[in-house]
Amino acid sequence: MRAFIAVDVDSRLSYKIQEVQRDLKKTHAPLKMVEPENLHFTFKFFGDISSSQADQITRVIQDKLENYHSFPLHIRGTGVFPKIEYMRVIWLGIEDPHSFSEMQKDLDQEFAKMGFKKERSYIPHLTIARVKGPKNRELLAEKIQELESIEIGEMTVEKLVLKKSELTPVGPIYTDVKEFFI
């Protein structure tokens, strides 16, 4: 299965995120918005894994999460990958990513021991849209800069979720495989 670990966005913040998406749509740039039910912070993308790898991943997460407690996550500000002159992804950021980044780095080291590629420069982010072409790029860039310190709100990270991703012509379908409570 094609798999990744995620932190789901608290549904109470979904309407604010959708407001930002509606604001971005007003630029009439060619955007593919992430559906509300698919909003998540990708913690680690594995790609295709076997069931024995899924079992190994599960054991690693269960062992490591014993060292952690739930923590607040403050979603704030917009950004893009790779850069504003060539936008492919529009995202929302985290105000103080220390706890999130620390846990991600700790788990990533364990996954690297299993043969998965280690993240080089992991930036915690919530993808909200993908840019599908250059039309109205200047308007879009202006709107993103206007929203660069937008306040979305705070949620509590209480679990990680191992998800299966199926790619379809209309977009990905994510299925929760296992939840890991912190």
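The following questions and answers concern a predicted model of a protein.

Visitor: How many helices and strands are there in the protein, and in what order do the elements run from the N terminus on?
Guide: The model contains four helices and nine strands. Read from the N terminus, their order is β-α-β-β-α-β-β-α-β-α-β-β-β.

Visitor: What is the radius of gyration of the protein, and what does the globule rule give for 182 residues?
Guide: The C-alpha trace spans about 45 × 35 × 30 Å along its principal axes. For 182 residues the globule rule gives 16 Å, and the protein comes close to that value, so it is as compact as a globular protein of that length. Its radius of gyration is 17 Å.

Visitor: What percentage of the residues of the protein count as buried?
Guide: A residue counts as buried when its relative accessible area is under 20%. The protein exposes about 10000 Å², of which carbon and sulfur atoms supply 48%. Of its 182 residues, the buried share is 47%.

Visitor: How far apart do the centres of the positive and negative side chains lie?
Guide: The protein carries 27 positive and 28 negative side chains. The distance between the centres of these two sets is 6 Å.

Visitor: Which elements do the buried residues of helix 3 pack against?
Guide: Helix 3 covers residues 98–113 and reaches 23 Å from its first C-alpha to its last, close to the expected 22 Å. Its buried residues include Phe 100, Met 103, Leu 107 and Phe 111, and also charged ones, among them Asp 106, Asp 108 and Glu 110. The elements that the buried residues pack against are strand 1, strand 3, helix 2, strand 4, strand 5 and strand 8.

Visitor: Which residue just after helix 3 takes a positive phi?
Guide: The helix ends at residue 113. Just after it, a positive phi of about 105 degrees is taken by Gly 115.

Visitor: How far apart are the end C-alpha atoms of helix 1?
Guide: Helix 1 has 12 residues, which at 1.5 Å a residue should span 16 Å. The model agrees with this expectation, since the end C-alpha atoms are separated by 16 Å.

Visitor: Is Leu 24 buried or exposed, and what is its relative accessible area?
Guide: Leu 24 is in helix 1 and is one of the buried residues of that helix. Leaving out residues up to four places away in sequence, Leu 24 touches Leu 31, Met 33, Ile 90, Ile 128, Leu 140, Lys 143, Ile 144 and Leu 147. Leu 24 is buried, and its relative accessible area is 0%.

Visitor: Where does His 28 lie, and is it buried or exposed?
Guide: Most residues other than glycine have a negative phi. Because its relative accessibility is 57%, His 28 counts as exposed.

Visitor: What is the relative accessible area of Asn 136?
Guide: Asn 136 also has a positive phi, near 60 degrees. This residue is found in the loop between strand 6 and helix 4. Asn 136 is partly exposed, with a relative accessible area of 27%.

Visitor: Which two residues does a cis peptide bond join?
Guide: Most peptide bonds are trans. Here one with an omega of about -10 degrees is cis, and the proline concerned is placed in strand 4. The two residues it joins are Phe 81 and Pro 82.

Visitor: Which residues is Ser 165 in contact with, leaving aside its neighbours within four places in sequence?
Guide: Ser 165 lies in strand 8. It is buried, with a relative accessible area of 6%. Its contacts are Arg 2, Phe 4, Pro 172, Ile 173 and Tyr 174.

Conventions:
Residues are numbered from 1 along each chain as its sequence is written. This is a predicted model: local features need pLDDT of at least 70, side-chain atom pairs count only at pLDDT 80 or more; totals for chains, interfaces and linings use all residues. Side-chain values use heavy atoms; hydrogens and water are left out. Helices (H or I, at least four residues) and strands (E, at least two) are DSSP runs, numbered from the N terminus. The radius of gyration is taken over C-alpha atoms; the globule rule is 2.2 Å times the number of residues to the power 0.38. Buried means under 20% relative accessible area, exposed over 50%, partly exposed in between (1.4 Å probe, protein chains only). Accessible areas come from the Shrake-Rupley method with a 1.4 Å probe; for residues, only the protein chains shown count as cover. The place of a charge is taken as NZ of Lys, CZ of Arg, CG of Asp or CD of Glu. The expected span of a helix is 1.5 Å times one less than its number of residues. Contact means heavy atoms within 4.5 Å.
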